[in-house]
Amino acid sequence: MTELSRTPARLHRRTILRASVLAGAGFTLFAPLGFRALARQESYTIAFIQGVIGDNFYITMDCGARAKAAEIGNITINTQGPERFDQTLQTPILNAVVQNKPNAIMIAPNDRRGMIAPIQAAIDAGIPVLCVDTTVESDIQLGNVSTDNVEGGRLAARGLAEAIGKKGKVFVVNVKPGISTTDQREEGFAEAIKKEFPDIQYLGQEYCDDDANIAAQITSARLQSDPDLAGIFGTNLFAAQGAAAALRQQGLQGKVKLVGFDAGPTQVQDLRSGATDLLIAQHPGDIGEVAVQLLDDYLKNGTKPNPKNQVTGATIVTRDNIDDPDVKRYLYVSECSAYELTNATAVPAEEATPSGEATPVA
Ligand code: T6T
């Protein structure tokens, strides 16, 4: 198994240390709004706004959040999300959530710039906002918990390069410009191909708007225009699922190699059947668990996430390791009865990829 590292004991110690330093400095006087409100309250509500509903990645994250909330006790998680990955659909959902005055919001913003103003409005209304998975190009949020997506893109490049014998044409099916995570995966992929694989020609990316049907159309068109295509990287669940469907339809599964980000049920089937060669499973349940823990620390003690940017792991899934229990536990679920609390922690983002190099841990 290969993972992006996770060694958080130090992080936890730092958090505790910070809390006690603040307490010694008479911190109740200057306690943030969320904390003051909560000191007198026995239970509270966290609103979780997903990037899109019905996506196994966010379903699994929700299960992690709920499992952690149940473990801590007296926390209600209210979950909702837009029908499509679209800031014009997510903004009114966030606005309505703010009207209901939850104690905190965890959100996967649909656009790195477009969601800044709606998030600022929530903060102005006195509600702390933590970004999960995706983020905004701003410092206003309480913190960020996500996969190291640039590194994930590099891992995808290396996996695909191995699969195609380190030579030939490759192409990326991406989601939509402005989504922080998938933009970063493509950046990491492009960078690693350019730096490490001189005999691979990167043909660039096309966007599927988070729609597997469009991803299939894009892939089919590309197979027509470049019949010597060697490999494809699908940057998320729907991009990869659509690319696999196109390869199957054209009888090219196993001939044109496919690496997909995420590990939804259909992607797992595609891996088992040979339409996909490698998956990079994020740990969305861990993201949900860590997010709820960070919000609990903040609401109860006024302790802000420290550092502000924290990352959880990712696991490379192949046909050879998919039934290994340490890998299987990261395949995404469809319902929370299949989810087990991992008591996950995160690492500081800056420690996850020292000097921009890969840090996979066996
Ligand atoms: O890949 C995940 C998530 O990390 C990304 O931000 C959007 O797409 C997914 O939800 C998978 O569909």
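Biologist: In which helix is serine 180 found?

Modeller: First, this is a predicted model, in which local features need pLDDT of at least 70, side-chain atom pairs count only at pLDDT 80 or more, and totals for chains, interfaces and linings use all residues. Residues are numbered from 1 along each chain as its sequence is written, and side-chain values use heavy atoms, with hydrogens and water left out. Helices (H or I, at least four residues) and strands (E, at least two) are DSSP runs, numbered from the N terminus. By that numbering, serine 180 is found in helix H7.

Biologist: Is serine 180 buried or exposed?

Modeller: Buried means under 20% relative accessible area, exposed over 50%, and partly exposed in between (1.4 Å probe, protein chains only). Serine 180 has a relative accessible area of 4%, so serine 180 is buried.

Biologist: Which residue has its backbone nitrogen 2.9 Å from a polar atom of the side chain of serine 180?

Modeller: A polar contact is a pair of N or O atoms within 3.5 Å; within protein, one must be able to donate a hydrogen and the other to accept it, and residues adjacent in sequence count only if both atoms are side-chain atoms. For the side chain of serine 180, the backbone nitrogen at 2.9 Å belongs to threonine 135.

Biologist: How far is the side chain of asparagine 103 from the backbone nitrogen of threonine 45?

Modeller: Asparagine 103 sits in the loop between helix H4 (87-99) and strand E4 (104-107). At 16% relative accessibility, asparagine 103 counts as buried. Its side chain reaches the backbone nitrogen of threonine 45 at 2.8 Å.

Biologist: Is lysine 101 buried or exposed?

Modeller: Lysine 101 is in the loop between H4 and E4. Lysine 101 has a positive phi of about 50° although it is not a glycine. With a relative accessible area of 65%, lysine 101 is exposed.

Biologist: What is the relative accessible area of aspartate 209?

Modeller: Aspartate 209 is found in the loop between strand E8 (200-207) and helix H8 (212-225). Its phi is positive, about 55°, although aspartate 209 is not a glycine. Aspartate 209 is partly exposed, with a relative accessible area of 37%.

Biologist: What is omega for the cis peptide bond that joins asparagine 306 and proline 307?

Modeller: Proline 307 lies in the loop between helix H11 (284-301) and strand E12 (309-312). For the cis bond joining asparagine 306 and proline 307, omega is about 5°.
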